[in-house]
Amino acid sequence: MTIVAAFLVPGSPLPRLKPDNIPWGRIAAGCQRAGRALAAARPDVILMYSSQWFAVLDELWQTRPRLAGVHVDENWYEYGDLPYDIKVDTELAHACVAATRRIGVASRGVNYDGFPLDSGSIVASHFLNPEGALPLVMAANNLYHSAETTERLGRMAAEVAHEQGRRVAIVGVGGLSGSIFREEIDIRSDRIASHEDDRWNRRILDLVERADVAALRTELPQFAKEARADMGFKHFYWILGALQGKFYGARTHAYGPVYGSGAAVVEFTI
Amino acid sequence: MAQGRILAGFLAPHPPHLVYGENPPQNEARSEGGWEPLRWAYERARKSLDELKPDVLLVHSPHWITQLGHHFLGVRTLRGKSVDPIFPNLFRYNFELSVDVELAEACCAEAREAGLVTRMMRNPNFRVDYGTIVTLHMIRPQWDIPIVGISANNTPYYLNTKEGLHEMDVLGKATRRAIERTGRRAVLLASNTLSHWHFHEEPAVPEDMSKEHPQNYEGYKWDMRMIELMRRGQTREVFRLLPQFIDEAFAEVKSGAFTWMFSAMGYPEIPGELHGYGTVIGTGNAVMEWNLVKAGLAEAEQVLGAAALSQSAFPAPSRG
């Protein structure tokens, strides 16, 4: 398997849109460090799964060669626009669409002008691939897929990339605890919404850093439930699947709040 | 300025398949038709709307999901191409719409005054959600009436159904006050499907109606039960059952538009006119109208306004 790097990054647009707000600027700085680490690993392609790209029928994969435009987040439009210009490894993306039959999942490619990219994919691409030099393979979060199915998708995508001789960076885009503040706050003093959420986030990050996959598999369902983990933390299972369930440690480049929810930038040791 | 009033409310679901089946010039995708009974239902609704001659259409859509409060479109003209993220093969629609910003601001202010978190969306590059666009196209394809677009705050999903629908009740009353204060003759559009169980695979030919039927018999029975109550004007019973309907039929009315609309209208106990029912990829969709003008309530509500505003299907949940 030719995986040269793996990262977990948050999908919230706030660190991208307003890095001058210190709590969010720390997350942005962590993302930039992750971007430098990714570049140093010299991958041919980034395999990215975003918790914010929803699918409900088939599993969706971007197959448009170039995605360029301006996106406005549906919640945080007041902080500005999210321009993007992303190249897609269409050969690998089509191969992933074909290969999902191996694991009993129906897939289709998406190749439409004006297709609405999600904020998470755009923000992660900005931080991890700032010059847009690397092509991406982008996979959606099918809302009906379980963590196990998502793990199988990640594994399959990495295997297909290996078959095609690609050097791969794996990226899971999504948050940790999912509770946000539901009223206006002073963003300068943003914090994790509750002590319990913070404790859960730190517990999970500690297990990730120690590469205790067995404990993670035991505790993640409870984390997902009690901390309202973003989309059941399926973005982590994407990474885990691609790494064939094994890594040797991790470095947390940043951890903090984005309007109360938990965000972390994690680089896996593989 | 005369006091504004609500002329009617429509249950106006937003499957993009209906636009696809109609083949309007704005949509890039072409079809051989499909979903005719629902599209004919919308034809009847269009005719009725035309006779009402409203100043403004207010639409509450479940596909503009906001986490922090209730948001209102606040840019005078919005245009672009709307591509459905789930059905991009069917819906790639070029739109241009005019927003009644003054009314939107009044709704926003009234809702804030009532204790809700509210925001005005002022970014001119904002992508209007496909739910809003499909509902507006299906009810008024001429696009010649200004609109107010309202987001679906995710409270019903994030907290619980009753708490969420209580917020929609408050939002509806605030909307009514804003309409009255600004002198508008308004029509409300609840962009909601009923039962929402759907198939997970699309037919090779999406408009092949030999493949279209209710995905779930229990969902279908729930739809018929609720529609029959609505046809009889048993509004109180509809709202008594609404949380159970939502749970057992996975009904999209959970997102709040239906409650918002009825709250704004004062929960009138008048028969709804069913323009038509049909399924779309298995989900249950009804096009229905509550015409307050025909019922003699559009004028009466100016007298009965205070009483209407005191009605509430979902009282504030007690805390602690």
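B:Thr132 touches B:Val59 and B:Ser61, when residues up to four places away in sequence are left out of the count. In this predicted model, B:Thr132 belongs to helix 4 of chain B, which covers residues 130-139.

**B:Thr132 and its surroundings**

- With a relative accessible area of 2%, B:Thr132 counts as buried, because the cut-off for that word is a value under 20%.
- The side chain of B:Thr132 also makes a polar contact, at 2.6 Å, with the side chain of B:Asp129.

**Two helices that cross in chain B**

- Two packed helices are described by the angle between their axes and the distance between the axes.
- For helix 6 (residues 161-182) and helix 8 (residues 235-249) of chain B, the axes come within 11 Å and cross at roughly 125°.
- Angles from 65 to 115 degrees count as roughly perpendicular and those over 145 as roughly antiparallel, and helix 6 of chain B and helix 8 of chain B are therefore described as oblique to each other.
- The crossing of helix 6 of chain B and helix 8 of chain B is right-handed.
- On the side of helix 6 of chain B, the contact is made by B:Thr161, B:Lys162 and B:Leu165, while helix 8 of chain B contributes B:Leu242, B:Pro243, B:Ile246 and B:Asp247.
- Sorted by class, the residues in this contact between helix 6 of chain B and helix 8 of chain B are four nonpolar, one polar and two charged.

**B:Gly9 in strand 1 of chain B**

- B:Gly9 lies in strand 1 of chain B, which runs over residues 5-11, and B:Gly9 is buried, with a relative accessible area of 0%.
- Apart from its neighbours within four places in sequence, B:Gly9 is in contact with B:Leu188, B:Met261, B:Met265, B:Met288, B:Glu289 and B:Trp290.
- Although B:Gly9 and B:Asn291 are 282 residues apart along the chain, their C-alpha atoms are separated by 6.6 Å.

**Helix 8 of chain A**

- Helix 8 of chain A, made up of residues 234-242, is mostly covered, with nine of its nine residues buried.
- The buried residues in helix 8 of chain A include A:Lys234 and A:His235, as well as A:Phe236, A:Tyr237 and A:Trp238.
- Just after helix 8 of chain A comes A:Gln244, which takes a positive phi of about 55°.

Methods
Residues are numbered from 1 along each chain as its sequence is written. Chains are lettered from A and ligands numbered from 1 in the order in which they are written. This is a predicted model: local features need pLDDT of at least 70, side-chain atom pairs count only at pLDDT 80 or more; totals for chains, interfaces and linings use all residues. Side-chain values use heavy atoms; hydrogens and water are left out. Helices (H or I, at least four residues) and strands (E, at least two) are DSSP runs, numbered from the N terminus. Buried means under 20% relative accessible area, exposed over 50%, partly exposed in between (1.4 Å probe, protein chains only). A polar contact is a pair of N or O atoms within 3.5 Å; within protein, one must be able to donate a hydrogen and the other to accept it, and residues adjacent in sequence count only if both atoms are side-chain atoms. Contact means heavy atoms within 4.5 Å. Axes are lines fitted to C-alpha atoms, for helices over the stretch in contact, and angles run from 0 to 180 degrees between N-to-C directions. Angles under 35 degrees count as roughly parallel, over 145 as roughly antiparallel, 65 to 115 as roughly perpendicular and the rest as oblique. A crossing is left-handed if the near helix is turned anticlockwise from the far one by less than a right angle, and right-handed if clockwise. Ala, Val, Leu, Ile, Met, Phe, Trp, Tyr, Cys and Pro count as nonpolar, Asp, Glu, Lys and Arg as charged, and the others, Gly among them, as polar.
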